[in-house]
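Here's a quick briefing to read with the model open in your viewer.

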Amino acid sequence: MPAETPADLLAAFLAAVNARDLDAAIELWREDAVIVQPDGQPLRGRDAVAGALRALIDGGVELQTEVASIIEAGDVALVSGTLTLGISNGGGPDGRFTNRSSSVVIYKRGVDGWRIALDAPWGLPQA
């Protein structure tokens, strides 16, 4: 089902990843999507993004976001906030590993609704 708003897209993506549904999660990305890795290198295309998402899902990751802003300009939306990645068997004192990072995501609306175009889940790379 196509996302009708950027907020709907974000909710659908979080729900798919947290439900361990890779097919539903990757369907929310554009074919030419890019995800920026922690070292600043881009992964280009839906297949590459699927590999990154598969690693998260297979690792038992749970995602949460705190949205700071959603700014729309026509068929493009900029979403910024904080991403919290949690792993239940992460080896921390309570058996859990948690990582928080600034997140910047660009969504694009097409005839099939809103989709993720570019995601920098660990923030923008530094020069």
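Strand 3 and strand 4 make a hairpin with two residues between them, and Gly74 in that turn has a positive phi of about 65 degrees. Bear in mind as you look around that this is a predicted model.

**The hairpin and its neighbours**

- Strand 3 and strand 4 run antiparallel to each other, paired over twelve bridges.

**Strand 6 and its partners**

- The pairing of strand 5 with strand 6 is antiparallel and covers seven bridges.
- Within strand 6, Arg115 is the residue that Lys108 stands opposite.
- Strand 6 pairs with strand 1 as well, in the parallel sense and over three bridges.
- Leu118 in strand 6 sits opposite Val34.
- Seven of the eight residues in strand 6 are buried, so the strand is largely enclosed by the rest of the structure.

**The nonpolar core**

- The largest nonpolar core contains 29 residues, and Phe13, Trp29, Leu53, Leu63 and Tyr107 are the ones with the most contacts inside it.
- Two or more residues come from each of helix 1 (6-18), helix 2 (22-26), strand 1 (29-36), helix 3 (46-58), strand 3 (61-73), strand 4 (76-87), strand 5 (97-110) and strand 6 (113-120).
- Helix 1 gives the most to this core, at six residues.
- As background, nonpolar side chains in soluble globular proteins tend to be buried together.

**Trp29 and Phe13**

- Trp29 is buried, and its relative accessible area is 0%.
- What does Trp29 touch, leaving aside its neighbours within four places in sequence? Its contacts are Phe13, Val34, Ile35, Arg46, Val49, Leu53, Arg115, Ile116 and Asp119.
- Phe13 is buried too, with a relative accessible area of 10%.
- The count of aromatic pairs comes to one. That pair is Phe13 with Trp29, an edge-to-face arrangement with 6.0 Å centre to centre and 70 degrees between the planes.
- The pair ties together distant parts of the chain, with Phe13 in helix 1 and Trp29 in strand 1, 16 residues apart.

**Helix 1**

- Helix 1 has 13 residues and spans 18 Å from first C-alpha to last, close to the 18 Å expected at 1.5 Å a residue.
- Its buried residues are Pro6, Leu9, Leu10, Phe13, Leu14, Ala16 and Val17. Why do they lie on the same side of helix 1? They cover an arc of only 165 degrees around the axis, and that puts them there.

**Helix 3**

- Helix 3 also has 13 residues, and its reach from first C-alpha to last is 18 Å, close to the 18 Å expected at 1.5 Å a residue.
- Arg46, Val49, Ala50, Leu53 and Ile57 are the buried residues of helix 3. Their arc around the axis is only 105 degrees, which puts them on the same side of helix 3.
- Over on the other side of helix 3, you'll find Asp47, Ala55 and Asp58 exposed.
- The buried residues of helix 3 pack against helix 1, helix 2, strand 1, strand 2 (42-44), strand 3 and strand 6.
- After helix 3 comes Gly60, with a positive phi near 80 degrees.

**Arg20 and helix 2**

- Arg20 follows helix 1 and is found in the loop between helix 1 and helix 2.
- Arg20 has a positive phi of about 65 degrees even though it is not a glycine. For context, most residues other than glycine have a negative phi.
- Is Arg20 buried or partly exposed? At 34% relative accessibility, Arg20 counts as partly exposed.
- Ala24 is in helix 2 and is partly exposed, with a relative accessible area of 31%.
- Between Ala24 and Ala12 there are 8.4 Å in space, C-alpha to C-alpha, and the two are twelve residues apart in sequence.

Technical notes:
Residues are numbered from 1 along each chain as its sequence is written. Side-chain values use heavy atoms; hydrogens and water are left out. A nonpolar core is a set of buried Ala, Val, Leu, Ile, Met, Phe, Trp, Tyr and Cys residues joined through side-chain atoms within 4.5 Å. Buried means under 20% relative accessible area, exposed over 50%, partly exposed in between (1.4 Å probe, protein chains only). Helices (H or I, at least four residues) and strands (E, at least two) are DSSP runs, numbered from the N terminus. Contact means heavy atoms within 4.5 Å. Two strands pair if DSSP finds at least two bridges between them. The expected span of a helix is 1.5 Å times one less than its number of residues. The arc is that of the directions from the helix axis to the C-beta atoms. Rings of Phe, Tyr and Trp (its six-membered ring) pair if their centres lie within 6.5 Å; planes under 30 degrees apart count as stacked, over 60 as edge-to-face and the rest as tilted.
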